[in-house]
Amino acid sequence: MNERIFLSSPHMSDEGYEMQYIKEAFDTNWIAPLGENVNEFEKELAEKVGSKAAAALSSGTAAIHLALKAAGVGEGDIVFCPTLTFSATANPIIYQNAIPVFIDSDYQTWNMSPKALESAFEKYPEVKAVIVVHLYGLSADMDKIMEICKKHSVTVIEDAAESLGTYYKGKHTGTFGDYGIFSFNGNKIITTSGGGMLVSENEERVTKVRFWATQSRDHARHYQHSELGFNYRMSNVLAGIGRGQLKVLDRRVKKKKYIYEFYKRELGSLDGVKFMPANDGDDPNYWLSCLTLSGTVRPIDVMEALEKENIESRPIWKPMHIQPFFEKYEFVGCGVSEKLFENGLCLPSDTKMADGDLERVVDVIKGLWMK
Ligand SMILES: *Cc1c(COP(=O)(O)O)cnc(C)c1O
């Protein structure tokens with residue numbers, strides 16, 4: 001059997017940067033709780049994305065949860081959320097006993113449709129916060145979305161879990177809204193095996209997030225708590241992996257772009273194939289190379305043919321408003337996200353792939369058009 005090709009899997013630096021930082025933590029016995037790697041990882045990431053402050057957390061999901069809390073979202077509050085995303089964008093809304101309203105995508109970006117967002121504001125002017133996602137590492141239409149959100153003076157949380165290394169008009173995704181979050185889960189462009197980060201220009205709020213994330217311990221000799229706490233901090237060992245990975249982020253983005261361009265060149269002219277379009281001003285990290293199919297070859301045909309050759313691929317996210325758990329919530333839109341789900345597909349975009357691996361993938365796919 002051929003060696004398996006993954007969608008997107010961990011890729012440590014050739015230089016072994018990650019181990020150096022981990023070793024320092026071990027040598028000083030600072031493997032937990034916090035320590036230099038955590039502090040430095042926060043600083044280095046904030047600097048990389050151009051944000052004032054950052055809090056290293058146990059996951060991207062935890063970061064979204066505490067961003068919602070920092071935004072004052074609580075019981076019964078409405079939060080707008082893109083429907084075409086991973087469930088981790090929406091789950092924390094429920095953790096806060098708030099109510100999601102799902103917003104459709106547009107075909108130009110596959111991300112939140114500014115038009116649907118405007119209709120949602122007309123229907124629910126009392127909305128407390130808006131979550132924007134940059135899907136598969138391609139940015140949402142931030143000019144239009146921020147203009148609408150500013151007009152309504154609403155808090156914006158950017159779920160940039162998939163878009164570390166993605167810039168929109170020269171500004172890093174995750175820094176347009178009041179809060180931005182990143183994920184270092186195993187399949188993301190860089191990983192700490194598991195982890196997340198919250199960034200904001202508001203240092204006081206970030207300090208508060210760190211407080212909540214360490215069980216909300218008041219300043220007192222005994223254990224004193226005047227607020228609900230969470231155990232959401234990143235460990236000093238994992239932050240060491242993150243510091244090493246951050247050093248190779250630019251290299252990973254370059255490789256992801258190479259993969260995307262390889263596929264586009266080889267598959268872009270096949271009948272019915274359309275790659276996920278980049279927005280004007282978008283400089284994506286191309287986390288996953290995604291496309292839609294409108295001809296006789298269906299996504300399932302491609303996925304099955306690839307699986308036979310031991311190659312991993314995936315459908316596009318199934319929209320939240322048609323998920324059994326979330327379908328009871330409101331949806332504003334007109335079926336774009338469902339169409340993308342029906343016709344869309346993510347190709348293997350693992351940065352460890354060599355040209356020979358990419359050729360293996362495109363040969364299988366091209367074969368389906370020659371039948
Ligand atoms: C991965 C991901 C998350 C969650 O991040 P975790 O670190 O796995 O909790 C949230 N939103 C999106 C869009 C993601 O892809």
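Visitor: At what angle do helix α10 and helix α12 pack?
Guide: In this predicted model, helix α10 covers residues 299–308 and helix α12 covers residues 355–369. The axes of the two helices lie 10 Å apart, and the angle at which they pack is about 135°.

Visitor: Which word describes how α10 and α12 are oriented to each other?
Guide: Angles over 145 degrees count as roughly antiparallel and those from 65 to 115 as roughly perpendicular, whereas α10 and α12 pack at about 135°. The two helices, α10 and α12, are therefore oblique.

Visitor: What is the handedness of the crossing in which α10 passes α12, left-handed or right-handed?
Guide: On the α10 side the contact involves Asp301, Val302, Ala305 and Leu306, which meet Val361, Val364, Ile365 and Leu368 in α12. By class, this contact has seven nonpolar residues, one charged residue and no polar residues. Where α10 passes α12, the crossing is right-handed.

Visitor: How many disulfides does the structure hold, and how far from Cys149 is the nearest cysteine sulfur?
Guide: The structure holds zero disulfides. Cys149, which is buried with a relative accessible area of 1%, is accordingly in no disulfide, and the nearest cysteine sulfur, that of Cys81, lies at a distance of 13 Å.

Terms used
Residues numbered from 1 in each chain as written. Predicted model: local features only at pLDDT ≥ 70, side-chain atom pairs only at ≥ 80, totals over all residues. Heavy atoms only, no water. Axes fitted to C-alpha atoms, helices over the stretch in contact; angles between N-to-C directions. Helix = DSSP H or I, 4+ residues; strand = E, 2+ residues; numbered from the N terminus. Parallel < 35°, antiparallel > 145°, perpendicular 65-115°, else oblique. Left-handed = near helix turned anticlockwise from the far one by under 90°. Contact = heavy atoms within 4.5 Å. Nonpolar A, V, L, I, M, F, W, Y, C, P; charged D, E, K, R; others polar. Disulfide = S-S within 2.5 Å. Buried < 20%, exposed > 50% of the residue type's maximum accessible area, 1.4 Å probe, protein only.
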